[in-house]
Structure formats: structure tokens, C-alpha cells
Amino acid sequence: MTSRARTLAIWAAILTILLTLPLYAPGYYISLLISILMWIILAVGWIIFSGYTGYISLAVAAFFGLGSYMTVIIWPILPSFPLVIIAGGLASGFFAILIGFPCLRIRGPYFIILTLGLSELVKYISQIYEVRVRGALGTILLGGPSSEVFYYSLIIIAAITVVTAYFVKNTKFGLGLFSIKANEEAAEAMGVDTTRYKLLSFGLSALFMGFAGAVMALRWTYIDPTVAFNPLITFQVTIMAIFGGMEDFRGPIIGATVLTLISEAFGIRYPYHYMGLLGITLILLVKFLPTGLMGVISRLYIRKKIVGALDAVS
Amino acid sequence: MRFLEAENVSKHFGGVAALSNVSFHVDKGEIVGLIGPNGAGKTTLFNVICCVYPPDSGIIKLNGSKITGLKPHHICKGGIARTFQITKSFGNMSVRENIMIGSLFGKESHGSLRIAGEESRQLMEFTGLIGKAGIPAGSLISADARRLELARALAAKPEILLLDEVMAGLNPSEVGEAMKLIQRLRNEMGITIFMVEHIMKSVMGVSDRIIVLESGRQIAGGTPKEVSENPAVIEAYLGEVRET
């Protein structure tokens with residue numbers, strides 16, 4: 001079997017297991033998978049911009065929260081699940097393009113701090129609005145769909161996110177983004193419209209974060225600004241992507257899955273030990289394995305191939 | 001109508017006049033050399049032409065239409081490609097991908113990775129990078145990095161090529177090859193060349209005309225012979241010229 005056919009077969013097998021799981025697996029596993037899928041969407045969405053262009057955005061929570069708040073606004077008036085998802089994604093995507101105009105002129109650490117600050121700003125503005133203008137903090141959302149519906153919608157969104165990340169990377173668009181990461185000045189001189197490319201990928205990345213936010217608002221049934229715009233969401237996503245690798249979609253999938261499972265096993269019982277360990281792991285990773293787990297896996301794979309080729313020769 | 005033309009271009013950085021009232025032109029099909037001592041404003045002039053930053057005053061025209069105020073990617077799509085004095089390759093991308101960027105986004109920009117890959121293969125052959133397609137550009141030796149700069153700029157299908165010290169760091173036999181290559185670009189591909197070069201023998205050897213800058217001012221212009229006999233040029237270079 002060729003390696004391409006084998007890869008496709010593995011993906012088909014994973015997809016089949018995922019699609020049939022609710023038929024026989026206990027509810028706990030479905031809940032666990034819902035949470036893994038949410039992190040996959042966010043982390044894969046994150047690399048479409050930050051992984052490909054090298055601009056590290058800490059505004060994940062802003063886009064996730066904005067998606068959630070579209071559900072808060074629309075659901076009580078028009079309780080249609082697909083509608084709130086699409087509205088949430090579009091709102092975040094447009095917001096990203098709007099703030100991208102001024103923000104994407106700034107590079108390096110300043111960009112990172114700016115996006116984090118913006119995300120916090122959006123959180124406090126919505127907090128002030130709820131407390132001062134509306135007079136009540138938080139919203140309870142009732143009448144959401146069943147676990148199975150959440151599960152299947154997240155699979156569909158995750159699949160679209162992954163396919164998008166794949167096609168963005170393997171087309172002209174992706175090469176343009178990678179050239180911005182490698183040397184923005186040279187990219188511009190070679191004819192890449194860097195401003196437009198950065199804006200488009202920033203918007204695309206936020207679109208998927210908005211989808212996730214809109215879905216999770218109904219899943220969590222209660223949303224207030226500290227829940228929706230929680231900066232921990234941003235840090236988790238960033239760590240997952242760096243942990244797994246940011247070169248293509250496989251890294252964040254591995255990162256999101258592994259870290260969600262670890263946090264499920266230890267995070268609830270020993271939250272502080274878990275966070276501390278996560279921090280140390282992240283420092284070690286950035287220092288010694290900047291390409292993440294995926295980088296280690298592909299290096300091992302290449303070594304195996306070379307050893308195999310040498311064996312064949314001798 | 002001139003092909004590339006600058007009128008009274010000035011550029012200051014703080015109190016330093018990097019360019020003051022520089023006017024020049026390059027006709028289609030010419031090879032024009034731009035020389036001058038270190039700090040004369042040569043790279044600044046290239047950056048102004050490529051709209052990396054705008055001039056404080058003066059305008060630059062390509063084919064009669066004003067290009068000052070555009071962005072660098074417009075300039076590239078308009079038919080001006082450049083190489084950088086300090087090579088600026090896409091270090092973590094392969095040699096092949098580097099050249100593909102030029103093909104995909106340059107003057108005849110298109111979306112086909114297949115065509116870009118094929119053009120990239122041809123240019124690797126043309127510039128002598130065969131067998132290095134998969135190597136990350138950042139790990140090339142200096143002569144190959146220069147070749148890549150040239151190949152990437154050519155992939156953008158320029159009408160005029162700005163070469164910023166493309167021969168720096170090459171050994172004498174490589175300089176000879178580079179000179180032949182530059183002449184082939186003009187003679188066979190019809191690309192106009194505007195080049196900054198420090199190696200006097202080579203720039204005098206290939207150029208039809210030479211423009212001399214010193215401290216941001218244009219002090220001489222003409223054929224290589226006229227320029228090399230010009231007293232102002234000799235004075236500017238006294239103790240500076242290193243024959244290679």
C-alpha cells in the first residue's frame with residue numbers, strides 16, 4: 001500500500017470510529033470527545049493564522065467569546081442551532097478583519113501583547129455592558145440540542161477546519177503565508193500582498209474559533225464574560241498547538257487530544273500541579289523541540305526510513 | 001519616454017541626506033551600473049524605487065507612469081524585481097519553494113503550483129542550483145544564496161532587474177560566471193539591468209552606462225570609460241578602489 005493510501009485509510013478508520021461512537025460508547029466518552037473536538041477546532045483554527053504566518057495571536061478568547069455571545073443574543077429570539085453557529089463564526093471572522101487592519105501592522109512581541117490586551121478589553125467591555133447597562137451578569141441558555149447533536153456538529157466543524165487548514169497550506173495562499181513567516185520584507189518585494197494575506201488568514205482563523213464558541217455556549221448552558229472570554233482558553237490553545245507542532249493540522253490535533261486527556265486525568269484532581277507541569281513542559285518544548293511532538297514523530301519516521309534504506313543497500 | 005526614470009529624488013534619514021536631488025534614467029534593454037563609495041545612497045535608491053519607503057521629494061516613473069506611493073508588491077507585479085545586498089531568502093523554506101514564490105506572485109502571477117514548480121526547476125538549472133531543490137534556503141553557502149536571490153527575482157518575470165551587489169563574496173571565477181549570466185539575461189531574455197556593484201572590473205565590464213553617487217549626490221554619469229577618467233570620480237574613490 002502506498003503511503004498516501006495508508007494515510008487515507010487511517011483517517012477513514014478514525015472517522016468511522018468517531019461517527020459510530022455514540023451508538024455504543026457510554027455518555028462520559030461522548031462528553032470527553034466533545035471537549036477534545038472543541039480544542040481541536042480552536043487549535044487547528046489557530047495555526048491557520050499563527051502557525052502559518054508566525055504572528056502569535058493571543059486573541060483566541062476574544063473570537064471564541066464573540067461566537068458565544070452571538071448565541072446569547074440570537075438563541076432566545078430564534079432558537080436555530082445552525083443559524084447561531086454560522087452567525088457566531090461570521091461575527092468573529094469580521095471582527096478579526098476589522099481589528100486586523102490596525103493590529104497586523106505590528107510585529108513580534110508587540111503584536112502578541114496587543115492581541116492579549118484586546119481580548120481582555122473585549123471581556124471587560126462586555127462585563128461593563130452586562131452589569132451597568134443590562135443590569136444582570138450572565139445568561140442562561142436553555143433548550144439546546146442533545147449530546148449527540150453537539151457531538152456530530154463538532155465533528156463536522158472540526159472536519160471543515162482540518163480540511164481548510166490542509167488546503168490553505170498546500171496552495172498558493174499557504175506558500176504566501178509561509179513566506180511572510182520566513183521574511184516579510186522579502187515576501188512583499190516578491191509580490192506577495194502581505195497585508196491582504198495576513199488579514200484573510202486572521203479572519204479565517206477567527207471564523208472557526210467563532211463556530212466553536214457559538215456551539216459551546218449552548219453546551220455549557222450558562223455564559224458570562226469571564227466564561228466566554230476566559231484568557232485560559234487562549235493559553236490552552238496556544239500551548240496545545242506549540243506542544244503538538246504548528247507546521248500543519250496534525251500537530252494541533254495531537255496536542256489538543258493529548259493535553260485534554262492529561263488534563264482530564266490529572267487536571268481536575270491536582271489543578272495546580274497540572275498547570276505548573278504544563279508551564280515547565282512548555283518551556284522545555286520551546287527550548288528543545290520547537291517543532292513540537294509532530295516534529296519528533298516525523299524525525300523518528302525519517303530516521304526509520306533512512307535506516308531501512310541502508311539495510312536494503314547492505 | 002524613458003523606461004525607468006527618477007526626477008529630483010531626495011531622501012533624508014534624520015539629519016542625514018541619503019539622497020539629494022538624484023535624477024537618472026534607464027532605457028529598455030540597457031545594463032546600467034550604479035557605483036559609489038560605502039554610504040553613497042545606492043541601496044537607499046533601490047529601496048525608494050521599490051517603494052520600501054517613499055522619497056521625501058521627487059518622483060519615479062516606470063514606463064511613464066508614476067510609481068512612488070505604491071507598495072513593494074505592486075512594484076514587483078509592475079515588472080521590477082530585485083535582489084538584496086544582504087540576502088533575504090525564505091530561510092526555512094526549500095530552495096524550490098523560494099523560487100516558486102517569485103513565479104506565483106510576480107508579474108505574471110498565477111495559482112498553479114505545478115507550473116511554478118516547473119519554472120523553479122528551469123531557473124535552478126539556469127542559475128546553477130541543480131540538486132539543491134529540497135535544501136532549506138537558510139543552510140545554503142553564500143554563493144548559492146546569491147544564486148537563489150537571482151533565481152527568485154527572475155521567477156517574478158521582471159522587465160527590469162535591480163541587482164544589489166549580487167557578486168559580493170564570490171571568488172574570481174564565480175564573478176566571471178555571474179558577468180556572463182547578467183549579459184545573457186539582457187541579450188537572450190531582454191531584461192533591463194540596473195545594478196549596484198563594488199567590484200569595479202565587473203561593473204565596468206558589463207555596463208553600457210554607469211551612474212556614480214557620492215554622499216547622496218550624483219557626481220558623474222556616462223560610459224565606463226568616461227566615468228573612469230572623470231576627476232570627480234577618481235577623487236571620490238581615491239584610496240577606496242580595490243581592484244579585484
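## How to read the numbers

Residues are numbered from 1 along each chain as its sequence is written, while chains are lettered from A and ligands numbered from 1 in the order in which they are written. Since this is a predicted model, local features need pLDDT of at least 70 and side-chain atom pairs count only at pLDDT 80 or more, whereas totals for chains, interfaces and linings use all residues.

## Chain B as a whole

Chain B contains nine helices and ten strands, where helices (H or I, at least four residues) and strands (E, at least two) are DSSP runs numbered from the N terminus. With a radius of gyration of 18 Å, close to the 18 Å that the globule rule gives for 244 residues, chain B is as compact as a globular protein of that length; the radius is taken over C-alpha atoms, and the rule is 2.2 Å times the number of residues to the power 0.38. The C-alpha atoms of chain B fill a box of roughly 50 × 40 × 35 Å along the principal axes.

Among contacts in chain B with a separation of 6 or more, 67% join residues 24 or more positions apart, a contact being two C-beta atoms, placed from the backbone, within 7 Å.

## A covered helix and a loop residue

Helix α3 of chain B, residues 95-105, is mostly covered, with ten of its eleven residues buried, including B:V95, B:I99 and B:F105. The buried residues of α3(B) pack against α4 (113-127) and α5 (142-155) of chain B, and also against α7 (172-182) of chain A.

B:V52, found in the loop between α1 (42-49) and β4 (57-62) of chain B, is partly exposed, with 17 other C-beta atoms within 10 Å. Leaving aside neighbours within four places in sequence, B:V52 is in contact with B:N47 and B:P72; the C-alpha atoms of B:V52 and B:P72 are separated by 5.9 Å, although the two residues are 20 residues apart along the chain.

## Where the chains touch

The contact between the chains takes 15 residues from chain A and 24 residues from chain B. On the side of chain A that touches chain B, α7(A) gives the most, with six residues, and this side has seven nonpolar, four polar and four charged residues. Here Ala, Val, Leu, Ile, Met, Phe, Trp, Tyr, Cys and Pro count as nonpolar, Asp, Glu, Lys and Arg as charged, and the others, Gly among them, as polar.

## Two helix pairs in chain A

The axes of α3 (residues 60-74) and α11 (residues 231-244) of chain A come within 7 Å and cross at roughly 120°, and α3(A) and α11(A) are therefore oblique to each other. Angles under 35 degrees count as roughly parallel, over 145 as roughly antiparallel, 65 to 115 as roughly perpendicular and the rest as oblique; axes are lines fitted to C-alpha atoms, for helices over the stretch in contact, and angles run from 0 to 180 degrees between N-to-C directions. A:V60, A:A61 and A:F64 of α3(A) meet A:P231, A:I233, A:T234 and A:V237 of α11(A), and the residues of this contact divide into six nonpolar, one polar and no charged.

Helix α3(A) also packs against α9 (residues 194-220) of chain A, at an angle of about 50° with the axes 7 Å apart, which makes α3(A) oblique to α9(A). The contact of α3(A) with α9(A) has 14 nonpolar, six polar and no charged residues.

How values were computed. A residue is buried if 20 or more other C-beta atoms lie within 10 Å of its own, exposed if 12 or fewer, and partly exposed in between; C-beta atoms are placed from the backbone.
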